[in-house]
Structure formats: C-alpha cells, structure tokens
Amino acid sequence: MGWFFNRKKSSQVAKDRLKLVLIYDRAGTTSNNDMINMIKKDIMGVISKYVEIDESEFEIDFKNVQNEEEEGVSSQIAMNIPIKKIKQMVKNAGK
Amino acid sequence: MENVIVITSGKGGVGKTTSTANLGTGLAMQGKKVVLVDTDIGLRNLDVVLGLENRIVYDLVDVVEGTCKLKQALIKDKRYEGLYLLPAAQTRNKMAVAPEQMKELISELEQEFDYVLIDCPAGIERGFKNAVAGAKSAIVVTVPEVSSVRDADRIIGLLSANGIDDVRLLINRLRPDLVRKGDMLAIDDTLEILGVDLIGVIPEDEMIFRSSNLGEPAVTDYSSLAGEAYRNVTKRIMGEDVPMLDLEQKTGFFGRIKRLFSK
C-alpha cells in the first residue's frame, strides 16, 4: 500500500524529468557546448594560479546524481582535474 | 510584439496552424490588415482551417519562382475585412524555397500589412529555417506535456541562434481539471522550465473541433472559451495589457452554466 500514499503527482514527475532531459538537450546544442568550454577555460585559469594542472586530462561534464532524501535526481557539474604539481606559494611577508 | 511573427513549436499537432488562424482572424477583427503565410510546403493546412481551400490559384512557391505576382497569390478572406492568406504549395517540398527568398518575400509583405503571421511547419529542418528567416518575433506553441515542452525548449534555443529573442509562449489545450488533480503540468511549472514569458493559455475546448470542421476560427465564436482566450492573446500581441483568463473559475460549475446560457 506504500505506493498509494507516497505516490508523487504525475505532473511533478513530468517536471522533474523535463528539467533533467533539458540539461542534456541544452548541453548538446552548439551554443551550450561553447558555454561548457568557457566554464572550463575560466576554471582552468583560476586553478592554474595555485596548482599546475594537466590540461589535456581536464574533464568537465554534466552529471545526474540521485538525492538521498528521495527527492529524485539532481544535476551537477562534475570535473576531474589532475594535478601535476602544487605551486610554491611565496608568502609576501613584507607587503 | 513586432509586426512579423512566426508561430512555431518543433513538435507537430500542438496547434500551430489553429493558433495562426485564430490570431490572424482576431487581429483582423481588431481592424488590422493581416496576412497569414503558410510555410508548410507539401503539407498545407492553414487554408482548410480558415475555410479558404477552394479559392487557391497560386501559392508561395509560385511567387518565389516568379510564376505570378505576389498580389495574385494573396487570398482575401471575404468574411473579415483585412485578412489575407498566402497559401503554401501542396505538390512541392520544403526545398523549393530558400531562407533568403523567404526573407525577401516577408519584407515585401511587411510593407503592405500591419501584421505578418508565419505558420511554421513541424521540425527543425529547412521548413523551420524558411519560416523564421524573415521573422522578428516568435510565438512558441506548446501543450502541457513532456514531449511538447521538450521540443519547445529546443525551438527556443534555435530561435535565439537565428537572432529572434522576442519569444513568447502560448500554452495550448490546458485542462484545469487535470492540473488540479496533479496530472497535468501547471502553467507556472511550464514557464519555469522554459524560462520565457507567457502570451496566453488556451483551454482545451470541444468547440475547436467544430470550428475546424466548419473552417471558421473559434476566435469569432463568443460562446467558445478557447475563442475568448484567443481574443485576449490577440490584444496582447497588439500591446494591450489584458489579464489572464481565470480558467479555474471559467471551467468550474458556475462558469459552465453561464457559458450554456450565452450560446
């Protein structure tokens, strides 16, 4: 009987499914591919200030993650950034 | 909205042609000079929805190929002053016309008419490209259903890629009873997902079947709820600030009784 009480409204299911499928659809179109590349470039720029990274192995993608609280699925940007070397931060003790 | 508007959706069967016919007739009822352009070459239907199928001599392809003058292909609707149809060819295909030629044709029409409404075919190929070539604004038609909303999103992206950013959403065939039960996407949910502004909501209405049977757009029928919704959208196109229909109330018990007596 559990299904009877816990049943989500079908319109809510539709909304959740749409949100998810559109993330993929939008990411697949050229203008959004550009967006991913722009995010990639920006993040590489920031991280490179502190650590030396392997740019050829840099991965960025949209991913779906199952929520713990049965709230359905949510989307994340997943990145894999291999570090070559941590840069030696020179503390400017003076100023 | 701008004076050249493409009515599009991506998915077929959601009401592009019906909406084009109704909004065009609605604009003519408001005293505007309007031309409706059917770009669905090979699968034309705007002519039958308007009840003008028996009057076609020349079509859009004839104009583009120079077989006739633009004025010769325009069909004047005798019932509504100021309403004209430029029919699509039925025996050719979408490749018979190029986007550049459409652009030229539309700009010619624009000089003669207050409004140019372009009925776009389903799909995202040549037919779509032709339909949007000369457009400045777009009305994206969707029904509150997953596949249609998904396609609408794709279309909104493609419109933007074609330089059309004045995009408004028309939600068609809404059933307030199903929304109430939680079995149909609500207006706000659809808007949230697509992230565009609403131009109107057309409720599911049996009168639409009657009106397409007769070839008389529902917008002229004062006992039809969809007709009333289309009249409101027409005014919004013209820049008037018309409040959204309270479908909850209109489709409730008392709303139905009232409608019964207005017939």
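The model is predicted, so local features need pLDDT of at least 70 and side-chain atom pairs count only at pLDDT 80 or more, while totals for chains, interfaces and linings use all residues. Residues are numbered from 1 along each chain as its sequence is written, chains are lettered from A and ligands numbered from 1 in the order in which they are written, and side-chain values use heavy atoms, with hydrogens and water left out.

Chain A contains three helices and four strands, where helices (H or I, at least four residues) and strands (E, at least two) are DSSP runs numbered from the N terminus. The order of these elements from the N terminus is α-α-α-β-β-β-β. Of the 95 residues in chain A, 19% are buried; buried means under 20% relative accessible area, exposed over 50%, and partly exposed in between, with a 1.4 Å probe and protein chains only. Among contacts (heavy atoms within 4.5 Å) in chain A between residues at least 6 apart in sequence, 49% join residues at least 24 apart.

At the interface, 14 residues of chain B are in contact with 13 residues of chain A. The buried area between the two chains, that is, the accessible area (1.4 Å probe) that two parts lose on being put together, summed over both, is about 1,300 Å², and carbon and sulfur atoms give 57% of it. B:Val146, B:Arg150 and B:Ile193 supply 40% of the area that chain B buries against chain A, more than any other three residues.

Ten residue pairs, both at pLDDT 80 or more, are in polar contact between chain B and chain A. A polar contact is a pair of N or O atoms within 3.5 Å; within protein, one must be able to donate a hydrogen and the other to accept it, and residues adjacent in sequence count only if both atoms are side-chain atoms. On the side of chain B that touches chain A, the elements giving two or more residues are helix 7 (146-161) and helix 9 (187-194) of chain B. Helix 7 of chain B provides the largest share, five residues.

Side chains of opposite charge can pair when their charged atoms come close. Over all chains, 14 salt bridges are found, each a side-chain nitrogen of Lys or Arg within 4 Å of a carboxyl oxygen of Asp or Glu. Five salt bridges lie between chain B and chain A. In one of them, A:Lys15 meets B:Asp189 at 3.0 Å, N to O.

Within chain B, B:Asp177 and B:Arg175 form a salt bridge at 2.9 Å, N to O. B:Asp177 is partly exposed at 29% relative accessible area, and B:Arg175 is partly exposed at 34%. Salt bridges that share partners join A:Lys15, A:Lys19, B:Asp189 and B:Glu192 into one network.

A salt bridge also links B:Arg79 and B:Asp77, with the closest N and O atoms 3.0 Å apart. B:Arg79 is partly exposed at 38%, whereas B:Asp77 is buried at 1%. In the salt bridge between B:Lys136 and B:Glu110, the closest N and O atoms are 2.5 Å apart. B:Lys136 lies in the loop between helix 6 (126-133) and strand 6 (137-142) of chain B and B:Glu110 in helix 5 (residues 99-112) of chain B, so the pair ties together parts 26 residues apart in sequence.
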